[in-house]
Amino acid sequence: MLDNSAAARLSACCHGGAKMAVLAYSLGKREINQYFNIKNAKLLSLVAVILLSVFHSISRYYGGRDTCEWLLSSGRFLGENVWQPYGCMLHKYKNTEAKACLQNKKIAFIGDSRIRQLFYSFIKIINPEAREDGNKHENIPFADREFSVNVDFLWYAEVNNSMKGQLMSWAEAKRPSAKPDVIIIGAATWSIKLHSGSSETLLQYKANLTSIAAPLEKLSEHNDVYWVLQDPVNEEVLSENRKMITNEQIDLYNAAAVRALNHKRNAKARVKFLEASRQAAMETITQSVDGLHLPESTRNVGAMILMNSMCNKLLKPIDGSCCQSVPPLSVLQKLAAGFFLVACVCFLVLHLLGYSRHRKSRPVPDVESGEEKKPPTAAVPFSLQEALQSVCKMGIIMLYFYLCDRANLFMKEQKFYTHSTFFIPLIYIFVLGIFYNENSKETKLLNREQTDEWKGWMQLVILIYHISGASAFIPVYMHVRVLVAAYLFQTGYGHFSFFWLKGDFGLYRVCQVLFRLNFLVVVLCLVMDRPYQFYYFVPLVTFWFVVIYGTMAMWPQILQIKANGSGFWHLALLLKLLGLLLFICCFAYSQGLFEKVFSVWPISKLFELQGSIHEWWFRWKLDRFAVFHGMLFAFLYLVLQKCQVLSEGKGEPLFSIKISNCLLFISVVSFITYSIWASGCKNKTQCNEMHPYISVVQILAFVLIRNIPGYGRSLYSSFFAWFGKISLELFICQYHIWLAADTRGILVLIPGNPSLNIIVSSFIFVCVAHEISQITNDLAQVAIPKESGALMKRLLAAALLLGLIVLSDGGQPAY
């Protein structure tokens with residue numbers, strides 16, 4: 001037992017230690033915030049972008065290798081059967097795509113049993129039902145008569161005069177139809193086996209390769225010719241009559257092939273080397289049954305590489321960036337580039353003439369949830385030079401967008417989901433979110449700091465979900481669907497609250513919201529040559545804002561100040577909400593009506609994707625009740641607040657202790673129950689059918705768990721809230737400067753180091769999103785003046801411009 005004095009000393013020591021810990025925590029945050037602010041971060045990201053652009057430009061120019069060579073030469077396995085070429089994305093071809101690409105073409109596979117294996121894997125892409133039932137040492141034909149695709153395997157186990165004769169007959173043929181369009185050739189193991197790996201045989205092999213080099217080069221002038229480098233063997237399991245086929249011998253024969261065929265006499269006409277399949281085999285040869293022939297998964301890698309090399313230039317799949325050239329600029333892209341260039345020139349001229357006035361940007365308003373705080377002081381009118389400066393900044397940022405996702409400057413890689421790639425970053429961000437916590441300025445339910453925090457952590461989870469490819473894991477997919485619904489719930493909650501409390505239905509307010517929601521997307525539609533519906537979330541929140549506005553603004557306009565005088569108006573508003581619910585159900589349960597409405601020109605231009613509104617129908621239907629739920633929740637909350645039923649003081653539970661505990665228990669059970677249901681989902685289609693009806697359960701459960709305890713409303717995470725203020729820009733920017741190939745892949749700024757690449761690209765991405773949010777806010781003050789006359793002129797000019805854009809958009813890009 002400790003005496004009283006010892007206990008007192010221990011208590012004082014612990015108390016002092018706690019004080020020191022709190023002090024160190026506060027000082028640590030202060031030091032971080034002092035030396036690493038957003039301004040310094042943006043300067044650092046700009047330097048990083050310049051250096052990385054220079055590095056990649058030099059490596060492309062002096063490296064002399066394009067994405068086709070990367071595809072054929074190197075790569076790595078991301079998972080058991082997922083092959084990642086170096087620096088570009090491999091498209092997984094379906095049989096319909098393969099037939100469309102190879103229509104009216106003749107393809108010849110020439111070689112031994114390993115080439116025969118590759119032949120079978122290749123034709124299975126064209127026809128998955130094809131069987132390996134041909135004779136082993138004979139020619140094997142394959143034909144698809146519907147698409148006139150002919151693929152033949154020709155048995156030539158050695159590089160000899162017989163092989164040379166076949167190649168010479170093709171090379172000297174005068175009719176193009178007499179020769180194959182594509183030749184895949186390779187052989188070596190039989191020469192090693194039949195002559196026991198003698199040095200004389202290697203010399204003869206080199207001589208034979210030299211003799212076939214000329215016809216191969218001549219054929220490659222108008223046809224594709226691939227030499228397949230020999231795969232390694234598993235020497236331990238080779239049979240006795242194959243023991244002489246060693247990896248050392250294979251390396252010597254491959255080196256001989258490269259020296260004999262890799263000449264530079266004609267850079268445009270040369271044999272291509274398929275080396276990537278050899279790299280894949282080096283990782284999987286231990287799975288070979290006989291030590292010589294590859295497992296089927298590895299053969300499929302080689303066949304898919306060949307298909308990408310042949311077809312990507314023709315079909316241009318979005319998620320197949322290998323072997324694709326930069327698409328030509330459209331008219332709208334050229335006009336956008338010219339506009340930004342003129343703005344930059346005008347800004348420089350004004351700057352050189354000495355016109356300068358510095359001005360702080362106003363805080364970015366929360367347009368998604370409808371909340372907007374007025375600045376404490378009157379804003380200084382925006383000057384022409386400041387407007388041009390903002391446009392110039394936007395132009396430079398758009399150039400970076402174009403370089404990342406349209407030019408071939410930076411590399412791209414495909415996504416590959418593992419639990420660790422999703423859950424480990426998730427743990428990191430929530431630790432940071434807990435570290436950066438502050439006291440709330442107000443303790444009302446869903447106050448501004450809390451909604452920013454909510455949007456922030458949801459956005460970070462969605463970003464991790466996208467970059468990790470977690471949509472492949474259905475339980476994560478279903479939970480992220482709830483997060484998207486929660487965004488729309490906030491949209492309904494925030495805009496309803498604004499109109500109910502303030503009654504501001506003026507044109508200025510509407511134009512402000514629409515501009516801030518759509519400015520970045522409209523610019524990206526022009527610069528990146530994508531339709532409006534491609535950025536699906538913005539059309540979704542824009543549509544629902546218009547619906548909320550129409551519901552609240554239509555006669556009779558019911559505001560809180562009017563409803564306070566009579567309970568009748570509360571009932572009338574509920575009838576309005578019931579009418580909105582019927583409107584939603586009418587569209588949701590009549591797809592034909594929905595398609596008729598949204599297929600009408602020019603509305604169709606806003607909601608079509610690839611000439612169809614199916615994607616818009618899917619997105620709209622999936623969360624069709626979320627905004628209604630948000631509006632209804634806001635109405636009930638504001639009525640209860642007005643009736644003083646709620647206790648929203650600091651540290652006080654929202655209701656009485658018994659009711660609060662009961663609601664907390666129900667909320668926790670509901671939250672867990674939904675998670676258990678979502679974790680048990682086996683089919684996306686079936687679970688998506690249930691999602692619109694039950695997603696509100698988890699949303700309301702979270703709101704109550706977060707707000708019922710008084711201490712919960714008193715704190716918020718400033719880390720998450722910071723990201724919440726730019727959540728819209730983060731969601732949109734990720735399409736092109738964090739992800740790649742229109743979200744199908746991942747942007748690679750730092751090749752060869754995935755972890756460092758994510759850190760660097762994420763840092764630049766966040767800085768760009770923050771800068772765009774400020775630019776949007778600044779330009780909104782110019783584009784949306786408060787004066788009615790000036791505003792109407794701007795609207796007419798904008799309508800004319802958008803009309804010209806719609807009319808000039810004769811078609812949509814293929815995906």
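Analyst: Two strands are taken to pair if DSSP finds at least two bridges between them. With that in mind, the part to begin with is an open sheet of six strands, whose order across the sheet is β4-β5-β3-β6-β7-β8 and whose pairing is mixed. The two edges of this sheet are β4, at residues 140-144, and β8, at residues 272-274, and each of these strands pairs on one side only. Going from one strand to the next, the sheet twists by 15° on average.

Within that order, one pair can be followed down to single residues. Strand β6, which covers residues 182-186, and strand β7, which covers residues 224-228, run together in the parallel sense and are joined over four bridges.

Two stretches call for caution. Over residues 373-378 the pLDDT stays under 50, and the model has three contacts for them beyond four places in sequence. Over residues 810-815 the pLDDT likewise stays under 50, although the model has 17 such contacts for that stretch. Where pLDDT is low, the predicted coordinates should not be read in detail.

Two packed helices are described by the angle between their axes and the distance between the axes. For helix α4 (residues 95-102) and helix α11 (residues 296-315), the axes come within 10 Å and cross at roughly 75°, and the two helices are therefore roughly perpendicular to each other. On the α4 side the contact is made by Glu97, Ala98, Cys101 and Leu102, and on the α11 side by Met307, Met310, Cys311, Leu314 and Leu315. Sorted by class, these residues are eight nonpolar, no polar and one charged.

Another pair is formed by helix α12 (residues 331-352) and helix α13 (residues 384-405), whose axes come within 8 Å and cross at roughly 135°, so that α12 is oblique to α13. The crossing of α12 past α13 is left-handed. Among the residues that make this contact are Phe339, Phe340, Phe347 and Leu350 of α12, together with Leu388, Val391, Met394 and Tyr402 of α13. By class, the contact has 14 nonpolar residues, five polar ones and no charged residues.

Helices α20 (residues 567-588) and α23 (residues 614-622) also pack against each other, at an angle of about 140° and with their axes 11 Å apart; they are therefore oblique to each other, and their crossing is left-handed. In this pair, Ile584, Phe587 and Ala588 of α20 meet Trp617, Trp620 and Lys621 of α23, a contact that divides into five nonpolar residues, no polar residues and one charged residue.

A few details of the backbone in the loops complete the picture. A cis peptide bond, with omega about -5°, joins Trp555 to Pro556, and Pro556 is placed in the loop between α18 (537-553) and α19 (560-563). The bond from Trp601 to Pro602 is also cis, with omega near 5°, and Pro602 lies in the loop between α21 (591-598) and α22 (603-607). Finally, Ser196, in the loop between α7 (189-194) and α8 (199-219), has a phi near 55°, a positive value in a residue other than glycine.

Key. Residues numbered from 1 in each chain as written. Predicted model: local features only at pLDDT ≥ 70, side-chain atom pairs only at ≥ 80, totals over all residues. Heavy atoms only, no water. pLDDT = per-residue confidence, 0-100. Contact = heavy atoms within 4.5 Å. Axes fitted to C-alpha atoms, helices over the stretch in contact; angles between N-to-C directions. Parallel < 35°, antiparallel > 145°, perpendicular 65-115°, else oblique. Left-handed = near helix turned anticlockwise from the far one by under 90°. Nonpolar A, V, L, I, M, F, W, Y, C, P; charged D, E, K, R; others polar.
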